[in-house]
Amino acid sequence: MSISILNAGASGGGAEQFGVLNALQTGGFISWAVAVILAVMLFFTLYILFTKVFEQQKVINQGRRVRATFWNSNSLREGAAKLEKNSAYKQLVDDGLAAQEQHSRLTDPVEAHDWLHGSLSRSEDMINSQLGNGLSFLATVGATAPFIGLFGTVVGIYKALLNIGASGQASVDKVAGPVGEALIMTAFGLVVAVPAVLAYNWLQRRNKGIAEHLSAFSTDVLGYLASNGAVKPTPAQRKAQTAPASTTAKPVTTTNTTAANPATKA
């Protein structure tokens, strides 16, 4: 798509003899290799972007259902049975219940709170790690794609100047075309890098929000397990986690209870 746009921008005025294909042929194997690398980077950038958005949205929807209905159950097991099989929140509950059962089998005494907290934290880390898969590739593409395109440009300009020198014609119309073609590789590198950087920052921000909700839910599960079900979020707390209150405190007005007329002395 980007190559078609670049070709369309270069059409007209006798420029049909120039274009991306001519630039690649002028640059030779190195230019073709650079173009293929950038095309692969762009493909995987878009693939990771769409798959991660789908994965994140799935976890966000799971969190909304959990905050709406999970704590209305009579027990954690009953609530976990209502969750989706591969739900991240179900994994937290199952790991917490498993840790509670394992604590009674420990031969070396360990505080139940520390044991449960460590198990739930490990489960959170696993979920966050899965959500972060592929983001390092986006960061790598955003950092390296402009330089890869610049490398293709340098090679293209070098070979174009060699061809111009060999032909003995160094006029502006003979130099501008090949050099302009070589600069297309730099533009291609930017076309690949900019979406990768934007996608990385956006997905990281969404992951941070998901991690905050998972951490809050993990704390609620820990409180429930540590208190044998006596402590769990109230409906008001669940509503606050879903949509923080934005109401502002109204100024308190005091009325003077003293009569307007001066009090009569006895």
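1. Largest nonpolar core. In this predicted model, the largest nonpolar core has 24 residues. Phe70, Leu76, Val93, Phe217 and Val221 are the members with the most contacts inside the core. Helices H3, H4, H5, H6 (112-131) and H8 each give two or more residues to this core. H8 supplies the largest share, with 7 residues.

2. Val221. One of the core residues with the most contacts is Val221. Leaving aside neighbours within four places in sequence, Val221 is in contact with Trp71, Leu76, Val93 and Leu120.

3. Second core. A separate nonpolar core of 12 residues is also present. Its members include Val34, Leu38, Met185 and Val192.

4. Aromatic pairs. The structure holds 7 aromatic pairs. Phe70 and Trp71 make one of them, in an edge-to-face arrangement, with 5.0 Å from centre to centre and 85 degrees between the planes. Phe70 and Trp71 are both buried. Tyr89 and Phe217 make another: their ring centres are 5.1 Å apart and their planes stand at 80 degrees, so this pair is edge-to-face as well. An angle over 60 degrees is what counts as edge-to-face.

5. What the Tyr89 pair joins. Tyr89 lies in helix H5 and Phe217 in helix H8 (residues 172-226), so the pair ties together parts that are 128 residues apart in sequence. Tyr89 is buried, with a relative accessible area of 3%. Phe217 counts as buried because its relative accessibility is 5%, and the cut-off for buried is under 20%.

6. Aromatic cluster and a charge over a ring. Phe70, Trp71, Tyr89, Phe217 and Tyr224 form one aromatic cluster. A contact of another kind involves Arg206, whose charged end sits over the ring of Trp202, 4.9 Å from the ring centre.

7. Helix H5. This helix covers residues 88-103. Its 16 residues should span 22 Å at 1.5 Å a residue, and the end C-alpha atoms are 23 Å apart, which agrees. Ser87 caps the N-terminal end of H5, with a side-chain oxygen 3.2 Å from the backbone nitrogen of Tyr89. Tyr89 therefore takes part in the cap through its backbone and in the ring pair with Phe217 through its side chain.

8. Buried residues of H5. Ala88, Tyr89, Lys90, Leu92, Val93, Gly96, Leu97 and Ala99 are buried in H5. An α-helix has 3.6 residues a turn, so residues three or four places apart point the same way. Tyr89, Leu92, Val93, Gly96 and Leu97 are among the buried residues to look at with that in mind.

9. Asn74. Is Asn74 buried or exposed? With a relative accessibility of 65%, Asn74 counts as exposed, the cut-off being over 50%. Asn74 is placed in the loop between helix H3 (29-69) and helix H4 (76-81). Its C-alpha atom is separated by 8.9 Å from that of Gly229, a residue 155 places away along the chain.

10. Whole chain. The protein chain contains 9 helices and 0 strands. From the N terminus on, the elements run α-α-α-α-α-α-α-α-α. Of its 266 residues, 32% count as buried. Among contacts between residues at least 6 apart in sequence, 77% join residues at least 24 apart.

Terms used: Residues numbered from 1 in each chain as written. Predicted model: local features only at pLDDT ≥ 70, side-chain atom pairs only at ≥ 80, totals over all residues. Heavy atoms only, no water. Helix = DSSP H or I, 4+ residues; strand = E, 2+ residues; numbered from the N terminus. Buried < 20%, exposed > 50% of the residue type's maximum accessible area, 1.4 Å probe, protein only. Expected span 1.5 Å × (residues − 1). Polar contact = N/O pair within 3.5 Å; in protein donor to acceptor, adjacent residues only side chain to side chain. Phe/Tyr/Trp six-rings, centres within 6.5 Å; stacked < 30°, edge-to-face > 60°. Lys NZ or Arg CZ within 6 Å of the ring centre and 35° of its normal. Core = buried A, V, L, I, M, F, W, Y, C linked by side-chain atoms within 4.5 Å. Contact = heavy atoms within 4.5 Å.
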